[in-house]
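Hi,

Here is the structure I said I would pass on. Have a look at it first, and my notes on what turned up follow below.

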Amino acid sequence: MPDLLARGVLMCPVSGLPLRPAPGGGAVETADGAWRYPVNERGVPILVRDWQSFQDYVKSNPSMTEEYGAYGAAAPPARFWHHHRWFGDDDRRTAASRRASDQVLALCDDPARLVLGVGGGPTRVHPAIINLNIDGFANVDVVGDACRLPFLDGSVDAVHCEAVLEHIADPRAAAAEMRRVMKPGALGFICTPFLQPFHGYPHHYQNFTHLGHRHLLEAQGFDIVDCGVAVGPGWTIAQMVDLYINTYSRPLARRLLAPLWHLFANLVIKPRDERLAEHDKAYLLASTTYVLVRR
Ligand SMILES: C[S@@+](CC[C@H](N)C(=O)[O-])C[C@H]1O[C@@H](n2cnc3c(N)ncnc32)[C@H](O)[C@@H]1O
(Lines give C-alpha, C1' and ligand atoms only; values in the text may rest on other atoms or scores of the structure.)
Protein backbone atom coordinates (compact mmCIF):
# COMPACT_ATOMS: atom_id res chain seq x y z
CA MET A 1 0.00 0.00 0.00
CA PRO A 2 1.69 3.26 -1.03
CA ASP A 3 1.93 5.97 1.62
CA LEU A 4 -0.37 8.61 0.18
CA LEU A 5 1.08 11.39 2.33
CA ALA A 6 4.65 10.55 1.32
CA ARG A 7 3.52 10.65 -2.31
CA GLY A 8 2.06 14.11 -1.78
CA VAL A 9 -1.22 13.37 -3.57
CA LEU A 10 -3.77 14.16 -0.83
CA MET A 11 -5.71 17.40 -1.00
CA CYS A 12 -7.78 19.44 1.45
CA PRO A 13 -11.39 19.09 0.21
CA VAL A 14 -12.19 22.69 1.21
CA SER A 15 -9.18 24.77 0.17
CA GLY A 16 -7.81 22.46 -2.56
CA LEU A 17 -4.34 22.77 -0.99
CA PRO A 18 -1.98 19.79 -0.53
CA LEU A 19 -2.03 17.98 2.81
CA ARG A 20 0.93 16.85 4.94
CA PRO A 21 1.21 14.99 8.27
CA ALA A 22 0.48 17.35 11.17
CA PRO A 23 3.32 17.79 13.70
CA GLY A 24 2.70 15.38 16.59
CA GLY A 25 0.77 12.92 14.38
CA GLY A 26 -2.88 11.84 14.48
CA ALA A 27 -3.93 14.38 11.85
CA VAL A 28 -3.13 15.83 8.46
CA GLU A 29 -3.12 19.52 7.62
CA THR A 30 -2.40 22.13 4.98
CA ALA A 31 1.07 23.73 5.08
CA ASP A 32 -0.37 26.93 6.62
CA GLY A 33 -2.12 24.88 9.32
CA ALA A 34 -5.47 26.47 8.44
CA TRP A 35 -7.15 23.14 7.61
CA ARG A 36 -6.70 20.05 9.76
CA TYR A 37 -8.30 16.60 9.40
CA PRO A 38 -8.23 13.61 11.78
CA VAL A 39 -6.62 10.26 11.02
CA ASN A 40 -8.54 7.33 12.52
CA GLU A 41 -7.13 4.49 14.66
CA ARG A 42 -6.27 2.51 11.49
CA GLY A 43 -4.28 5.42 10.07
CA VAL A 44 -7.04 6.38 7.61
CA PRO A 45 -7.38 10.12 6.95
CA ILE A 46 -10.97 11.45 7.19
CA LEU A 47 -11.02 14.04 4.42
CA VAL A 48 -14.59 15.27 4.26
CA ARG A 49 -15.71 18.83 3.82
CA ASP A 50 -18.77 18.51 6.02
CA TRP A 51 -18.06 16.43 9.12
CA GLN A 52 -21.70 16.35 10.30
CA SER A 53 -23.16 15.02 7.04
CA PHE A 54 -20.43 12.37 6.98
CA GLN A 55 -21.41 11.27 10.51
CA ASP A 56 -25.10 11.18 9.54
CA TYR A 57 -24.31 9.08 6.48
CA VAL A 58 -22.19 6.60 8.42
CA LYS A 59 -24.84 6.19 11.12
CA SER A 60 -27.51 5.49 8.52
CA ASN A 61 -25.37 3.01 6.59
CA PRO A 62 -25.30 -0.15 8.80
CA SER A 63 -27.10 -2.40 6.29
CA MET A 64 -24.26 -2.21 3.81
CA THR A 65 -21.49 -2.81 6.32
CA GLU A 66 -23.44 -5.73 7.79
CA GLU A 67 -24.14 -7.26 4.39
CA TYR A 68 -20.62 -6.90 3.02
CA GLY A 69 -18.99 -7.53 6.40
CA ALA A 70 -20.87 -10.81 6.90
CA TYR A 71 -19.65 -12.02 3.53
CA GLY A 72 -16.06 -10.91 4.11
CA ALA A 73 -15.93 -12.49 7.56
CA ALA A 74 -17.63 -15.75 6.56
CA ALA A 75 -15.62 -18.96 6.91
CA PRO A 76 -15.05 -20.92 3.67
CA PRO A 77 -18.23 -23.11 3.54
CA ALA A 78 -20.54 -20.16 4.34
CA ARG A 79 -18.60 -18.03 1.91
CA PHE A 80 -19.00 -20.64 -0.79
CA TRP A 81 -22.73 -20.80 -0.12
CA HIS A 82 -23.06 -17.01 -0.18
CA HIS A 83 -21.25 -16.95 -3.49
CA HIS A 84 -22.94 -19.85 -5.23
CA ARG A 85 -26.50 -19.99 -3.89
CA TRP A 86 -27.20 -17.47 -6.61
CA PHE A 87 -25.05 -16.49 -9.52
CA GLY A 88 -21.54 -15.97 -8.08
CA ASP A 89 -20.08 -12.52 -8.66
CA ASP A 90 -17.47 -13.80 -11.07
CA ASP A 91 -19.72 -15.99 -13.18
CA ARG A 92 -22.33 -13.31 -13.70
CA ARG A 93 -19.94 -10.71 -15.17
CA THR A 94 -19.63 -10.61 -18.97
CA ALA A 95 -16.23 -11.41 -20.46
CA ALA A 96 -16.12 -7.93 -22.08
CA SER A 97 -16.68 -6.13 -18.77
CA ARG A 98 -14.06 -8.31 -17.03
CA ARG A 99 -11.55 -7.44 -19.75
CA ALA A 100 -12.33 -3.72 -19.34
CA SER A 101 -12.01 -3.87 -15.54
CA ASP A 102 -8.79 -5.94 -15.81
CA GLN A 103 -7.18 -3.24 -17.98
CA VAL A 104 -7.53 -0.84 -15.06
CA LEU A 105 -6.67 -3.34 -12.31
CA ALA A 106 -3.53 -4.51 -14.16
CA LEU A 107 -2.07 -1.04 -13.51
CA CYS A 108 -2.13 -1.81 -9.76
CA ASP A 109 0.70 -4.31 -10.36
CA ASP A 110 3.08 -1.40 -10.92
CA PRO A 111 3.93 0.06 -7.46
CA ALA A 112 4.70 3.42 -9.05
CA ARG A 113 1.07 3.80 -10.13
CA LEU A 114 -1.90 4.89 -8.07
CA VAL A 115 -5.23 3.27 -8.91
CA LEU A 116 -8.16 4.78 -7.02
CA GLY A 117 -11.23 2.71 -6.10
CA VAL A 118 -13.97 5.37 -5.87
CA GLY A 119 -16.59 4.07 -3.42
CA GLY A 120 -14.38 0.99 -2.96
CA GLY A 121 -14.42 -1.38 0.02
CA PRO A 122 -15.05 -3.39 2.13
CA THR A 123 -13.89 -5.79 -0.60
CA ARG A 124 -10.55 -4.97 -2.21
CA VAL A 125 -10.74 -5.73 -5.93
CA HIS A 126 -6.91 -5.70 -6.13
CA PRO A 127 -4.50 -5.85 -3.18
CA ALA A 128 -2.82 -2.60 -4.28
CA ILE A 129 -5.91 -0.52 -5.10
CA ILE A 130 -6.51 2.57 -2.91
CA ASN A 131 -10.11 2.55 -1.71
CA LEU A 132 -11.89 5.82 -1.05
CA ASN A 133 -15.29 5.67 0.60
CA ILE A 134 -17.66 7.97 2.42
CA ASP A 135 -17.77 5.40 5.24
CA GLY A 136 -14.67 4.27 7.13
CA PHE A 137 -15.18 0.48 7.19
CA ALA A 138 -12.63 -2.28 6.55
CA ASN A 139 -10.32 -1.90 3.54
CA VAL A 140 -11.09 1.80 3.14
CA ASP A 141 -7.81 3.76 2.85
CA VAL A 142 -9.20 7.29 2.60
CA VAL A 143 -12.55 8.54 3.87
CA GLY A 144 -13.83 11.09 1.39
CA ASP A 145 -16.68 12.11 -0.87
CA ALA A 146 -16.73 11.03 -4.52
CA CYS A 147 -18.13 14.50 -5.33
CA ARG A 148 -15.09 16.20 -3.79
CA LEU A 149 -12.19 13.73 -4.13
CA PRO A 150 -9.40 14.67 -1.69
CA PHE A 151 -6.70 14.10 -4.35
CA LEU A 152 -4.72 16.72 -6.22
CA ASP A 153 -5.40 17.38 -9.93
CA GLY A 154 -3.81 14.76 -12.22
CA SER A 155 -2.49 12.64 -9.32
CA VAL A 156 -4.16 9.30 -10.14
CA ASP A 157 -3.17 6.77 -12.83
CA ALA A 158 -6.57 5.06 -13.11
CA VAL A 159 -10.01 4.93 -11.50
CA HIS A 160 -12.18 1.92 -10.72
CA CYS A 161 -15.74 2.74 -9.66
CA GLU A 162 -18.13 -0.14 -9.21
CA ALA A 163 -21.77 0.04 -8.07
CA VAL A 164 -21.39 3.55 -6.66
CA LEU A 165 -22.90 6.14 -9.03
CA GLU A 166 -26.44 4.96 -8.25
CA HIS A 167 -25.88 6.09 -4.63
CA ILE A 168 -24.66 9.57 -5.50
CA ALA A 169 -27.19 12.40 -5.76
CA ASP A 170 -25.08 14.30 -8.29
CA PRO A 171 -23.28 11.74 -10.51
CA ARG A 172 -22.10 14.56 -12.83
CA ALA A 173 -20.08 16.03 -9.98
CA ALA A 174 -18.53 12.61 -9.26
CA ALA A 175 -17.64 12.10 -12.95
CA ALA A 176 -16.08 15.58 -13.11
CA GLU A 177 -14.05 14.84 -9.99
CA MET A 178 -12.78 11.55 -11.41
CA ARG A 179 -11.59 13.42 -14.49
CA ARG A 180 -9.94 16.15 -12.43
CA VAL A 181 -7.83 13.71 -10.38
CA MET A 182 -6.85 11.48 -13.33
CA LYS A 183 -3.63 12.05 -15.28
CA PRO A 184 -4.01 12.79 -19.01
CA GLY A 185 -4.41 9.44 -20.80
CA ALA A 186 -5.48 7.63 -17.59
CA LEU A 187 -8.13 4.89 -17.83
CA GLY A 188 -11.37 4.70 -15.84
CA PHE A 189 -13.70 1.71 -15.40
CA ILE A 190 -17.17 2.64 -14.22
CA CYS A 191 -19.90 0.10 -13.75
CA THR A 192 -23.37 0.78 -12.34
CA PRO A 193 -26.68 -1.12 -12.03
CA PHE A 194 -29.32 -0.64 -14.72
CA LEU A 195 -32.17 -3.06 -13.85
CA GLN A 196 -31.65 -3.69 -10.17
CA PRO A 197 -34.03 -3.22 -7.26
CA PHE A 198 -33.71 -0.30 -4.87
CA HIS A 199 -30.80 -0.90 -2.51
CA GLY A 200 -30.23 2.21 -0.44
CA TYR A 201 -27.07 2.16 1.65
CA PRO A 202 -28.92 4.35 2.68
CA HIS A 203 -29.55 6.25 -0.57
CA HIS A 204 -30.23 5.02 -4.11
CA TYR A 205 -30.97 7.82 -6.56
CA GLN A 206 -30.73 6.39 -10.09
CA ASN A 207 -29.51 3.55 -12.29
CA PHE A 208 -27.62 3.72 -15.61
CA THR A 209 -28.15 2.27 -19.07
CA HIS A 210 -25.03 1.78 -21.22
CA LEU A 211 -26.00 5.00 -23.06
CA GLY A 212 -26.52 6.84 -19.80
CA HIS A 213 -22.95 5.98 -18.78
CA ARG A 214 -21.64 7.03 -22.17
CA HIS A 215 -23.49 10.36 -22.07
CA LEU A 216 -22.47 11.15 -18.49
CA LEU A 217 -18.77 10.59 -19.14
CA GLU A 218 -18.60 12.07 -22.64
CA ALA A 219 -20.20 15.23 -21.28
CA GLN A 220 -17.26 15.53 -18.86
CA GLY A 221 -14.79 15.29 -21.74
CA PHE A 222 -13.75 11.63 -21.45
CA ASP A 223 -13.09 9.49 -24.54
CA ILE A 224 -15.17 6.31 -24.56
CA VAL A 225 -12.96 3.23 -25.07
CA ASP A 226 -15.65 0.61 -24.55
CA CYS A 227 -19.17 0.44 -23.19
CA GLY A 228 -21.70 -2.37 -22.73
CA VAL A 229 -23.35 -4.95 -20.48
CA ALA A 230 -21.56 -6.01 -17.30
CA VAL A 231 -24.22 -8.35 -15.88
CA GLY A 232 -26.83 -9.89 -18.14
CA PRO A 233 -30.62 -10.31 -18.29
CA GLY A 234 -30.73 -13.65 -16.45
CA TRP A 235 -29.49 -12.08 -13.25
CA THR A 236 -32.07 -9.29 -13.62
CA ILE A 237 -34.93 -11.78 -13.77
CA ALA A 238 -33.49 -14.05 -11.05
CA GLN A 239 -32.98 -11.17 -8.63
CA MET A 240 -36.29 -9.38 -9.33
CA VAL A 241 -38.43 -12.51 -8.94
CA ASP A 242 -36.50 -13.55 -5.82
CA LEU A 243 -37.15 -10.15 -4.24
CA TYR A 244 -40.79 -10.20 -5.33
CA ILE A 245 -41.35 -13.61 -3.69
CA ASN A 246 -39.43 -12.75 -0.53
CA THR A 247 -40.99 -9.30 -0.08
CA TYR A 248 -44.59 -9.55 -1.19
CA SER A 249 -45.65 -13.20 -0.67
CA ARG A 250 -47.34 -14.57 2.42
CA PRO A 251 -45.01 -16.67 4.63
CA LEU A 252 -46.33 -20.05 3.46
CA ALA A 253 -46.17 -19.14 -0.24
CA ARG A 254 -42.69 -17.73 0.33
CA ARG A 255 -41.44 -20.93 1.95
CA LEU A 256 -42.72 -22.90 -1.02
CA LEU A 257 -41.85 -20.56 -3.88
CA ALA A 258 -38.43 -19.25 -2.83
CA PRO A 259 -36.57 -22.60 -2.97
CA LEU A 260 -38.36 -23.54 -6.21
CA TRP A 261 -37.32 -20.26 -7.79
CA HIS A 262 -33.72 -20.73 -6.59
CA LEU A 263 -33.64 -24.18 -8.17
CA PHE A 264 -35.11 -22.93 -11.44
CA ALA A 265 -32.80 -19.90 -11.56
CA ASN A 266 -29.70 -22.01 -10.91
CA LEU A 267 -30.60 -24.89 -13.23
CA VAL A 268 -32.25 -23.03 -16.12
CA ILE A 269 -31.53 -19.28 -16.05
CA LYS A 270 -27.95 -19.27 -14.80
CA PRO A 271 -26.44 -21.63 -17.44
CA ARG A 272 -28.19 -19.63 -20.20
CA ASP A 273 -27.11 -16.25 -18.90
CA GLU A 274 -23.52 -16.61 -20.01
CA ARG A 275 -24.67 -16.72 -23.65
CA LEU A 276 -27.52 -14.25 -23.10
CA ALA A 277 -25.14 -11.65 -21.67
CA GLU A 278 -23.34 -11.65 -25.04
CA HIS A 279 -26.63 -11.32 -26.99
CA ASP A 280 -26.75 -8.20 -29.18
CA LYS A 281 -29.86 -7.09 -27.29
CA ALA A 282 -28.54 -7.94 -23.80
CA TYR A 283 -28.63 -4.22 -22.98
CA LEU A 284 -32.46 -4.28 -23.04
CA LEU A 285 -32.62 -6.20 -19.74
CA ALA A 286 -29.07 -5.80 -18.43
CA SER A 287 -28.69 -5.90 -14.67
CA THR A 288 -25.51 -3.78 -14.78
CA THR A 289 -23.75 -1.79 -17.50
CA TYR A 290 -20.17 -0.53 -17.73
CA VAL A 291 -18.03 1.97 -19.52
CA LEU A 292 -14.25 2.13 -20.00
CA VAL A 293 -13.02 5.68 -20.52
CA ARG A 294 -9.77 7.50 -21.18
CA ARG A 295 -9.05 10.99 -19.91
C1 LIG B 1 -23.15 -0.85 -3.51
S2 LIG B 1 -21.77 -0.31 -2.57
C3 LIG B 1 -20.45 -0.83 -3.62
C4 LIG B 1 -19.18 -1.03 -2.86
C5 LIG B 1 -17.99 -1.53 -3.71
N6 LIG B 1 -17.65 -0.58 -4.77
C7 LIG B 1 -18.26 -2.90 -4.30
O8 LIG B 1 -18.54 -2.99 -5.51
O9 LIG B 1 -18.21 -3.88 -3.55
C10 LIG B 1 -21.79 1.46 -2.79
C11 LIG B 1 -20.69 2.17 -2.02
O12 LIG B 1 -20.65 3.55 -2.35
C13 LIG B 1 -20.29 4.27 -1.18
N14 LIG B 1 -20.68 5.66 -1.36
C15 LIG B 1 -21.93 6.18 -1.40
N16 LIG B 1 -21.90 7.51 -1.58
C17 LIG B 1 -20.58 7.86 -1.65
C18 LIG B 1 -19.90 9.10 -1.84
N19 LIG B 1 -20.56 10.25 -1.98
N20 LIG B 1 -18.56 9.07 -1.86
C21 LIG B 1 -17.86 7.91 -1.72
N22 LIG B 1 -18.47 6.70 -1.54
C23 LIG B 1 -19.81 6.67 -1.51
C24 LIG B 1 -21.07 3.56 -0.08
O25 LIG B 1 -20.58 3.83 1.21
C26 LIG B 1 -20.89 2.11 -0.51
O27 LIG B 1 -19.76 1.54 0.08
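This is a predicted model: local features need pLDDT of at least 70, side-chain atom pairs count only at pLDDT 80 or more; totals for chains, interfaces and linings use all residues.

A nitrogen atom of the ligand sits 2.9 Å from a polar backbone atom of Ala 146.

Who else is around the ligand? The surrounding shell has 18 residues, and Gly 119, Asn 133, Asp 145, Ala 146 and Glu 162 are the closest. Sorted by class, that shell comes to nine nonpolar, seven polar and two charged residues.

Now the chain as a whole. The protein chain has 10 helices and 10 strands, and 46% of its 295 residues count as buried. Its accessible surface is about 14400 Å², with carbon and sulfur atoms contributing 57% of that. As for contacts with a separation of 6 or more, 67% of them link residues 24 or more positions apart.

Helix α7 covers residues 171–181, and its buried residues are Pro 171, Ala 174, Ala 175, Glu 177, Met 178, Arg 180 and Val 181. What do they pack against? The buried residues of α7 meet strands β4, β7 and β8 as well as helix α8.

Next, the loop between β5 (130–133) and β6 (142–143), which holds Asp 141. Is Asp 141 buried or exposed? Its relative accessible area is 14%, and with the cut-off for buried at under 20%, Asp 141 is therefore buried. Its side chain makes a polar contact of 2.9 Å with the side chain of Arg 124. A polar atom of the Asp 141 side chain is also 2.7 Å from the backbone nitrogen of Asn 131. Asn 139 belongs to the loop between β5 and β6 too, and at 31% relative accessibility Asn 139 is partly exposed.

On to backbone geometry, in case you want to check your torsions. Asn 139 has a positive phi, near 65°, and is not a glycine. Ala 163 is another non-glycine residue with a positive phi, in this case about 60°. Ala 163 lies in the loop between β7 and α7 and is partly exposed, at 33% relative accessibility. There is also a cis peptide bond, running from Gly 121 to Pro 122, with omega near -5°. Pro 122 is in the loop between β4 and β5.

Then the aromatics: the count of aromatic pairs is three.

- Ser 97 is part of helix α6 (residues 95–105) and is buried, at 2% relative accessibility. Leaving aside residues up to four places away in sequence, Ser 97 touches Phe 189, Val 229, Ala 230 and Tyr 290.
- Ala 282 sits in the loop between α10 (251–276) and β10 (288–294) and is buried, at 3% relative accessibility. With residues up to four places away in sequence left out, Ala 282 touches Val 229, Pro 233, Leu 276 and Ala 277. Its C-alpha is 9.6 Å from that of Gly 234, which is 48 residues away along the chain.
- Ser 60 is in the loop between α2 (51–59) and α3 (62–73) and is partly exposed, at 35% relative accessibility. Ser 60 and Tyr 201 are 141 residues apart in sequence, while their C-alpha atoms are 7.6 Å apart.

Cheers

Notes. Residues are numbered from 1 along each chain as its sequence is written. Side-chain values use heavy atoms; hydrogens and water are left out. Helices (H or I, at least four residues) and strands (E, at least two) are DSSP runs, numbered from the N terminus. Buried means under 20% relative accessible area, exposed over 50%, partly exposed in between (1.4 Å probe, protein chains only). Contact means heavy atoms within 4.5 Å. A residue is near a molecule or strand if one of its heavy atoms lies within 4 Å of it. A polar contact is a pair of N or O atoms within 3.5 Å; within protein, one must be able to donate a hydrogen and the other to accept it, and residues adjacent in sequence count only if both atoms are side-chain atoms. Ala, Val, Leu, Ile, Met, Phe, Trp, Tyr, Cys and Pro count as nonpolar, Asp, Glu, Lys and Arg as charged, and the others, Gly among them, as polar. Rings of Phe, Tyr and Trp (its six-membered ring) pair if their centres lie within 6.5 Å; planes under 30 degrees apart count as stacked, over 60 as edge-to-face and the rest as tilted. Accessible areas come from the Shrake-Rupley method with a 1.4 Å probe; for residues, only the protein chains shown count as cover.
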